[in-house]
Amino acid sequence: MDPVSLVVGAMLALGGVLVGRLLPNRRPRQDAQPALDQAPRTPQPICGCGHHLVFHDQKNKLCQAQVVIPGRWTGERTHTYRQCMCQGYRGPVPVDEYYVPDIIDGE
């Protein structure tokens, strides 16, 4: 190997190290903890199309949300919108909430 190639390789390696040190750290910090005052979220009923249950019509079960089609897929400059083609929500049904009175004195 000639000395010029070694110097160029060392400069490339040093440049990579410097760029890595100067860019912001993308890993989450270890001391960052979630807020303790927030209650844990319950699972949300999400359909296969990615929309919530509230976007589906109760009578015909069709999704009423719109889907964005990027312009690069159709060869146009702007995005286009169309109705979601989901045929109905089939995910987990949210559990109904019931009130049960407390049992007092074994009654």
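**Notebook: contacts, burial and a helical span**

I began at valine 67, which touches His51, Thr80, Tyr81, Arg82 and Cys84, leaving out residues up to four places away in sequence; contact means heavy atoms within 4.5 Å. I note that this is a predicted model, in which local features need pLDDT of at least 70, side-chain atom pairs count only at pLDDT 80 or more, and totals for chains, interfaces and linings use all residues. Residues are numbered from 1 along each chain as its sequence is written, and side-chain values use heavy atoms, with hydrogens and water left out.

**Entry on valine 67**

I located valine 67 in strand β1. Helices (H or I, at least four residues) and strands (E, at least two) are DSSP runs, numbered from the N terminus. Valine 67 is partly exposed, because its relative accessible area is 25%. Here buried means under 20% relative accessible area, exposed means over 50%, and partly exposed lies in between (1.4 Å probe, protein chains only).

**Entry on histidine 51**

I moved to histidine 51, which lies in the loop between α1 and β1 (66-69). Is histidine 51 buried or exposed? Histidine 51 counts as buried because its relative accessibility is 16%. Neighbours within four places in sequence aside, I found histidine 51 in contact with Pro45, Ile46, His56, Cys63, Ala65, Gln66, Val67 and Cys84.

**Entry on the cysteines**

Cysteine 84, listed among the contacts of histidine 51, is itself buried, with a relative accessible area of 9%. I recorded cysteine 86 as buried too, at 14%. How many disulfides does a search of the whole structure find? The search finds zero, a disulfide being a pair of cysteine sulfur atoms within 2.5 Å.

**Entry on helix α1**

I placed leucine 12 in helix α1 (residues 3-22). Leucine 12 is exposed, since its relative accessible area is 64%. Together with Val4 and Val8, Leu12 makes a nonpolar surface patch of about 310 Å². From the UniProt record I took a "transmembrane region" at residues 6-23, in an unreviewed entry; such annotations may be inferred rather than shown by experiment. In the model, the span 6-23 is 94% helix and 0% strand, and its end C-alpha atoms lie 26 Å apart.

**Entry on the whole chain**

I counted two helices and two strands in the protein chain, running α-β-α-β from the N terminus on. Of its 107 residues, 11% count as buried. Among contacts between residues at least 6 apart in sequence, 33% join residues at least 24 apart. The accessible surface of the protein chain comes to about 10500 Å², and 59% of that belongs to carbon and sulfur atoms. Accessible areas come from the Shrake-Rupley method with a 1.4 Å probe; for residues, only the protein chains shown count as cover. For the patch, residues need over 30% relative accessible area and no salt bridge; like charges are joined within 9 Å, and nonpolar side chains (Val, Leu, Ile, Met, Phe, Trp, Tyr) within 5 Å. A salt bridge is a side-chain nitrogen of Lys or Arg within 4 Å of a carboxyl oxygen of Asp or Glu.
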